Amino acid sequence: MKDKPFLLCFLIGLITQLSGVSQDDSLRSPEKTRPLIKIDFETDIAPIFSSRCVECHNPQEKNGGLDLSNSKSALIGGESGKGIVPHDAEKSELWKKVSAREMPPTENPPLTNSQLQKIKEWIASGALWPADRILDQYLLSTPSRAGNDWWSLQPIVRPPIPKRVADTVWKNPIDSFVGKALKEKGLVLSGEADRSVLIRRLYFDLLGLPPTPQHLQQFLEDTRPDAYQRLVEQLLSSPRYGERWGRHWMDIAHYADTHGYERDQPRHHAWRYRDYIIESFNHDRPYDQFLIQQIAGDVMDPDNPQSNIATGFLASGPYDYTGIEEALSEKLKRQALADDMDDLVTTVMTSTMGLTVNCARCHNHKFDPISQQDYYQLTAVFAGMTKQDRVITNLDKYNNRKKTKLAIRSKIGAINEELRSLADVFDLADLVGGGDGSGNAPDGMGLDPRTGLFAKGTTGSLEGVKVNHFVTSPAACIEGCFIPDGGPSAGLGVPITSGGLKIQLPKTSGSCWDYFQKGPCNSQDFTELDGVDYNGPGHTLLSIHSNKGITFDLVAIRKKIGVRNLRFTSTMGFGGKHAESSADVFVFVDGKKVLEHQHVGRGSGGIPIDLRLEPQANYLTLVVTDDENGIGHDQIFFGDAWIQSVEEKSDLEKKRIGDLLDRRKELQSELRDIIEPTDLVFAAVGKEQPGQVHLLSRGDPEARAQEVFPAGLSCLTGLKSNFGSGKTSEKERRKKLAEWIIHPQNPLTSRVLVNRLWHHHFGRGIVKTPSDFGFLGSRPSHPQLLDWLAAEFLESGWSIKQIHRLILTSGTYRQRSDFNGFATTVDSDNQLLWRMNPRRLDIESIRDAILSVSGTINLAAGGPGYKDFDFVDKYAPVYKFITADRPELWKRTVYRFTVRSVPNRFMKILDCPNPSSLTPRRSQTTTALQSLSLLNNPFMIDQAKYFANRLEDQQPTLTQQVDLAFRLTFARPPSPQELTASCEMATENGLFYFCRALLNSNEFIYLD
């Protein structure tokens, strides 16, 4: 009896041998052993090819020359021969490779016997494959990548709320989902935290600030059953809420106030977009509206200033000004533009939908169902867009005003041309540009103040400057030029002629910017005064950035004009951008000062000049100095700087000149009546018709492949992703994309947002990778909870504050952070949330909390960012950070003027993110430098002193001072032991050292 199993196995093996059929033989010749089973291509074969073959054998990647995406190319085969021979598997190279286990490659899981059997029988039965059926390599997910069936791409289905778990502190449905997952692992939620812990947690989460002792006491004494819910509503209604949560959005928009790259120029109007973000959160702007305004607000609602400001989102990232605007090589420009477009597409898609589309720039995405064509179709959406300062009001109305102004200016230009011919005008701007004073100067020429020679183009900061040194110029009618400094080095004066004539001037920085220019000088933003554009038709512009002086030879000019009696006329003004910049302007005749205007700035308007030049006058000297405030943006210009004859004209000429002057005056009045907006924002500006967009082979702008048209991602099969054709306008493209992103059937947008909210409340999202919901991202710890929250979000009308309420009032959020040894053995990193995660404050909250505790915080909201640096405006601007030691620098950190190229070292050490990169999840490090900075940074020293002063001002005794200090820093009173030890320390070392210690404690910079 014991031998029966052995005998049975022996007999079965013998029968198998006699029959001549093995398992492998049955795969090779199924038709010899049983009738063919009907194989359906769509259900049996397409899934195999799509998931196991097409990834390497598609039109873009034909490994071995084989394309298995369609019937025609599959029949043709590749380098080894015919891929599929209908009715004859043995002659089909496909079958030979898969049956020999050569395909898929050995590093991938092999095909199962069942899959092999289906392929063999399908070929044997004729290999029926519909001609119009193109296989998508992304149809199904595989062990190595995601397909169209990936979890995050599936529709949101509201799951049923699990039954309440008996041992769970249930506050709302969130606790049911979390409690169910915990119960399955034998865990429960921790108990509710103390009120002092909860109020501090809420304040920092929602406001980024600590509670005041008064607010703490009010909450502790509030016995109403809904006291906690009332506190949540109070904080959600605070204007400080938008400042806190706006900062989170700025991280993923990688907002900053400068361009970045080597010419990290400031964006003086970017702050309006920052204020828009804060205002949106404060007013709970529906998230769908929030997104559509940022992507296409200027299209959807052009008359709404907020909608135009919102498009600052599309321009919030870094901008390679040198590569795009200044590069001489067109090839380099194309590369810079391609990089800029990549950053834009990445910003929009990663922030809103949590997908790494940029990985498909050079090839199909290796892990997610995003093709290279998908990527370039998205770039086509933004193909007609540029980044620049734009007016906030309706752009179409602005353009109409601009056309009207151009027409009027053209008429004024024609009048000026005739006046010049009648009045014997000699143009000084033309002279500086290399002309003879009659208007024949070549374009793009200037005069170098260091040499007196003509130089092509504009430049930045001049090197090798020698102050108070007069250089003669070979140019006719120009005596020479100089770079003045009226300080001690000037001695008896600044020389202004070759004969040694000298003048007295104020002290300057001794620095100099750009050449004398006919036309705008480098970085000049304005050429218009009182409605007249002096860089337009019929006018000329002589630009002199401080510090420079130029002397004209009046004797030579008289010979040119042929008259003795002359006058100098012009309209002078400021062309720089900054309201805080200014310059001093002087005019001398033969060394005698005849005109002086100090502090000429943006508010000075046009300053008319009309000086009689006596027949014996030899030299006219124009000087611009830096007003002793540096040379930043000191662009002074002289409009229509003319030397004119004052000799008598005939009656007919006089009448004609009078008529022309009257008509010009009327036209200039019309110009002034055209009110032009002055409010600007650095944002998106679109062209009416974008150019062609091509797929770039390997991402190379010089390797253009087929033309592509605007569209969304094809992996979201439930959404129409076609946004138009090559003829679709730039505005319509962005409008279509915005509508596609916020479409209720788009499963990613709402999932990504509620996960971001969860992430900031718990220190980790339900999906730990907030901006990657693809294959390389993490899987959700509570998938049903994620979908329930996403469904709630949609049903609430996209209300962010409603999701806050759900999270903050849950028992899950309100639980303690106590350690539990058993729980750590089951769930060591607390993915299931059996306790609250202890979290360190981010640098903005640390800095703001320090200012709040010390009593120095300036809660003034909005407006241009405060600049905690000294700024030197050079070709590559210099930002030198200073200690924030005055009230305007004590505003909340969100209002800081953020520089990309030069980070604030104190903030960087404490993990402030790089604003040139998207930061969905901040890194958190612990280093010795952080401890040293918090202890010794001058800002910390100053604030500890202010903190000590505050305690002494508000409390009379040391015991009361220590008690107040604990309530301010930790939102709790000190224990008796802490009170005793603190008083001893303050007595021995001083209150300042005690305050310094508190600001460096873990309890201060950590929650829970």
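Helices (H or I, at least four residues) and strands (E, at least two) are DSSP runs, numbered from the N terminus. The model described here is predicted, so local features need pLDDT of at least 70 and side-chain atom pairs count only at pLDDT 80 or more, while totals for chains, interfaces and linings use all residues. Residues are numbered from 1 along each chain as its sequence is written, and side-chain values use heavy atoms, with hydrogens and water left out.

Most residues other than glycine have a negative phi, and most peptide bonds are trans. Ala127, in the loop between α7 and α8 (173-184), has a positive phi of about 55° although it is not a glycine. Ala127 counts as buried because its relative accessibility is 12%; buried means under 20% relative accessible area, exposed over 50%, and partly exposed in between (1.4 Å probe, protein chains only). Two cis peptide bonds can also be visited. Met103 and Pro104 are joined by a cis peptide bond with omega of about -10°, and Pro104 sits in the loop between α6 (93-99) and α7 (113-124). Another cis bond links Ser546 to Asn547, with omega of about 0°; Asn547 belongs to the loop between β12 (541-545) and β13 (548-553).

Trp798 likewise has a positive phi, near 65°, in a residue other than glycine. Its place is in the loop between α25 and α26, where Trp798 is buried with a relative accessible area of 8%. The axes of α25 (residues 783-795) and α26 (residues 800-808) come within 9 Å and cross at roughly 140°. Axes are lines fitted to C-alpha atoms, for helices over the stretch in contact, and angles run from 0 to 180 degrees between N-to-C directions. The two helices, α25 and α26, are therefore oblique to each other: angles under 35 degrees count as roughly parallel, over 145 as roughly antiparallel, 65 to 115 as roughly perpendicular and the rest as oblique. Trp788, Leu789, Glu792 and Phe793 in α25 meet Ile800, Ile803 and Leu806 in α26, contact meaning heavy atoms within 4.5 Å. By class, the residues of this contact comprise 6 nonpolar, no polar and 1 charged; Ala, Val, Leu, Ile, Met, Phe, Trp, Tyr, Cys and Pro count as nonpolar, Asp, Glu, Lys and Arg as charged, and the others, Gly among them, as polar.

Leaving aside neighbours within four places in sequence, Ser750 is in contact with Ile156, Ala790, Phe793, Leu794 and Trp798. Ser750 counts as buried, at 1% relative accessibility.

The contact of α33 with α34 has 6 nonpolar, 3 polar and 1 charged residues. Both helices are among those covering the buried residues of α35. In helix α35 (residues 991-999), 7 of the 9 residues are buried, so α35 is largely enclosed by the rest of the structure.

Finally, the largest nonpolar core has 162 residues, and those with the most contacts inside it are Trp249, Val348, Phe382, Leu737 and Trp740. Such a core is a set of buried Ala, Val, Leu, Ile, Met, Phe, Trp, Tyr and Cys residues joined through side-chain atoms within 4.5 Å. Apart from it lies another core of 42 residues, including Phe574, Ala583, Leu595 and Ala617.
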